[in-house]
Amino acid sequence: MVIGIDIDNTITEVQEELNNAAYEYAIKLGKNIKNADNPFEDIKNNGDTYKKKFQFSYDELKYFLKNIQEEITNKAKPRNNAVEVINTLRKEGHKIFIITARDSQFHDDPYILSKNWLDKNNIEYDKLIVNAREKGTVCKNENIDLFIDDQLNNCVDVEREGIQTIRISDDNKKYTNITSLNNWKEIYKFISNEKICKIVKFNECKIEFDVNNFISECMHNFIGRAYKDRPDVMNIKEYYLTNNGLFLIAYDVKLKEIIGTIALENRRQYGILKRFYVKENYQKNGIGRKLYNTLEFYIREKTNINKIYLACGSILKGAHNFYLKNGFKQIDKLDIEMHFADDDDFFVKNIERETIKK
């Protein structure tokens, strides 16, 4: 796999020290700080959280990040077992990409700053990427298979790109599609023993899969349909993508094996959800939820669709429950034209978007 790893508070653990240093610096500047408690996240990876919380001006923020933060991060020790786990993963054949939001706006040379610390602590890696404020975009462009970070917003950003994430945190809250672990031993155990899955757009997949055979096999196994070539699946680009539709593939990163699909036929004001299948032995791993969430996020962000329709075999009660839990309503008949089988039931969901008040 290609594993992306953040530095600050992921390989290290310095947030409390940074927070205390920022508070002391703010008091010296005469700021009236009422709430300096931990923890907090730099939501946009650009220092805004420090700026707001400690009332820093831009120049004060720059001084803090360039001088005070750098001194703390340069002296920081790796978390327990972090070096051993990272180096072991690399020896096992995984590629390690260090991805940090340390940037040129606040540091003279974030690359050398990071490289010197990594080398000093004997951390092995294949690539170092700095200026990574938008980590979802970076991980997608670098074809990352698994990403590890401490900040929830970064994990959400990366997960939206279909990339599995691990958040290293003592926070016991559960977040959809994000695995939270307390330490690097747990991280190594998870990587070694658990299924690691990735979701990609059909036209961006770097692995060739026999999608038609996968769907035909699923339809046969789940609802007894005959094996045959299906026109839309044989020509995904023309049927789905040229109309601003979507076709997603989920695959097991370790086995390089297709495990799920979902498709959107875009008819402008409404869409049709199609070809939604997850391999049976992966159905309790949250793959269906990840596929659907990725599709709905695309609908909300990239289309004008305000309703999603679907037809589902009447015997697939588990699928019915999934759709109902995700906001669909079962309807007796369709008010649009679409292909369906005689034993299908129908569902529809309204896509509501927030309106910006002027």
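1. Quick one on terms before the rest: "buried" means under 20% relative accessible area, "exposed" over 50%, and "partly exposed" in between (1.4 Å probe, protein chains only). Keep in mind that this is a predicted model, where local features need pLDDT of at least 70, side-chain atom pairs count only at pLDDT 80 or more, and totals for chains, interfaces and linings use all residues. Residues are numbered from 1 along each chain as its sequence is written, and side-chain values use heavy atoms, with hydrogens and water left out.

2. Salt bridges here are a side-chain nitrogen of Lys or Arg within 4 Å of a carboxyl oxygen of Asp or Glu. That rule gives 24 of them.

3. Lys115 is partly exposed at 28% relative accessibility, and Asp119 is partly exposed at 35%.

4. Lys31 and Glu60 also form a salt bridge, at 3.0 Å from N to O. Lys31 lies in the loop between H1 (15–28) and H2 (48–53) and Glu60 in H3, so the pair ties together parts 29 residues apart in sequence. Lys31 is buried at 19% relative accessible area, and Glu60 is buried at 18%.

5. Glu204 bridges to Lys140, the closest N and O atoms being 3.5 Å apart. Glu204 counts as partly exposed at 35% relative accessibility, and Lys140 as partly exposed at 34%.

Note on methods: Helices (H or I, at least four residues) and strands (E, at least two) are DSSP runs, numbered from the N terminus.
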